[in-house]
Amino acid sequence: MKLEKATILKLAEYLENAELQAHDVTMITGDHPDMDWDDAYSIQEEIRRRKEARGNKTVGLKAGLTSFAKMKQMGVSVPVFGFISDYMSVLDGGEVKTAELIHPKVEAEICIVTKAPLRGPGCNIAAVMAATDFVVPAVEIIDSRYRDFKFDLKSVIADNTSSSRFVIGGRMRNLEELDLRTLGVVLEVNGEIVSMATGAAVLGNPLAAVAMLANHLGERGQEIPAGTFIMTGGVTEAILVKAGDNVLARFQDLGSVSMRFV
Ligand code: OOG
Ligand code: MG
């Protein structure tokens, strides 16, 4: 850790206020070039603590920047991990209010719910398979608090990996019935296909993102509890949306997820 505790608290408040008041901010590494990875995750943890103290439940964990398309889009090479809160949930077919957001983008994600705890180090795909209760599709709406969606890895980690809204839809399926690597995903905006990919776009297998999350938490003495909803990361690059847009993600074998931006 390079930053003082008081600075961690101040930066968490700065970033969370930007989220809650829907205004953009400048990158925090600009003023704090010496901050390290622990500082970045500590700022994110403080944002989580603030939300939970206010009564918001943490309802899931996420991996981000796990697909080559996203890594290329954002110019980075390692995944990041964050959390999602109850108030970020939007019903399938529901409305996303753009007035509450800065510059939302959508991305289709393969998600799982665990039935047993997962703890690193040494967590691998087989361990994740054994701990998977079921698979379910979702669309994540990310909304970086940084101006023009431009950030470095430490800044985006501190900003809770741009978490903003998410829509779970489609149908749940047992992992045994699916091959996540060849599972196709088509993303449409206003009836037009804007991107497509298969599950292998995410680290070769989306379950690898869950193993990496368990190993990341293991380093911090934490684990993924049983019953955790986990988003494995966008399979394609994220697509900028605006009020009036209709978004539909079609997942092979898992049904579809939709929402309107108003
Ligand atoms: C960071 C969040 C990335 C994903 O699925 O790749 C993410 C960002 O791109 O703003 O959630
Ligand atoms: Mg995502």
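I started at Asn-160, which I found in the loop between α6 (153-158) and β7 (163-168); helices (H or I, at least four residues) and strands (E, at least two) are DSSP runs, numbered from the N terminus. Asn-160 has a positive phi of about 50° and is not a glycine. Most non-glycine residues have a negative phi, and most peptide bonds are trans.

Ground rules before going on. This is a predicted model, where local features need pLDDT of at least 70, side-chain atom pairs count only at pLDDT 80 or more, and totals for chains, interfaces and linings use all residues. Residues are numbered from 1 along each chain as its sequence is written, chains are lettered from A and ligands numbered from 1 in the order in which they are written, and side-chain values use heavy atoms, with hydrogens and water left out.

Next I checked for cis peptides: one joins Gly-120 and Pro-121, with omega about 0°. Pro-121 lies in the loop between β5 and α5 (125-131).

Then ligand 1. Which residues come nearest to ligand 1? Of the 17 around it, they are Lys-62, Leu-65, Glu-107, Ser-162 and Gly-234; being near takes a heavy atom within 4 Å. By type I get 7 nonpolar, 5 polar and 5 charged in the shell, with Ala, Val, Leu, Ile, Met, Phe, Trp, Tyr, Cys and Pro as nonpolar, Asp, Glu, Lys and Arg as charged, and the others, Gly among them, as polar.

I looked up polar contacts too (pairs of N or O atoms within 3.5 Å). One ligand 1 oxygen entry gives 3.0 Å to a side-chain N or O atom of Glu-109, and another gives 3.0 Å to a side-chain N or O atom of Glu-140. For Gly-234, a polar backbone atom is 2.8 Å from an oxygen of ligand 1. The elements giving two or more residues to the shell are β1 (58-64), α4 (68-74), β5 (105-114), β6 (132-142) and β10 (229-234). The largest share, 3 residues, comes from β1.

Last, salt bridges (a side-chain nitrogen of Lys or Arg within 4 Å of a carboxyl oxygen of Asp or Glu): I count 19. In one of them Glu-45 meets Arg-220 at 3.2 Å, N to O. Glu-45 is in helix α3 (residues 37-53) and Arg-220 in the loop between α7 (206-219) and β10, so this pair ties together parts 175 residues apart in sequence.

Conventions
A polar contact is a pair of N or O atoms within 3.5 Å; within protein, one must be able to donate a hydrogen and the other to accept it, and residues adjacent in sequence count only if both atoms are side-chain atoms.
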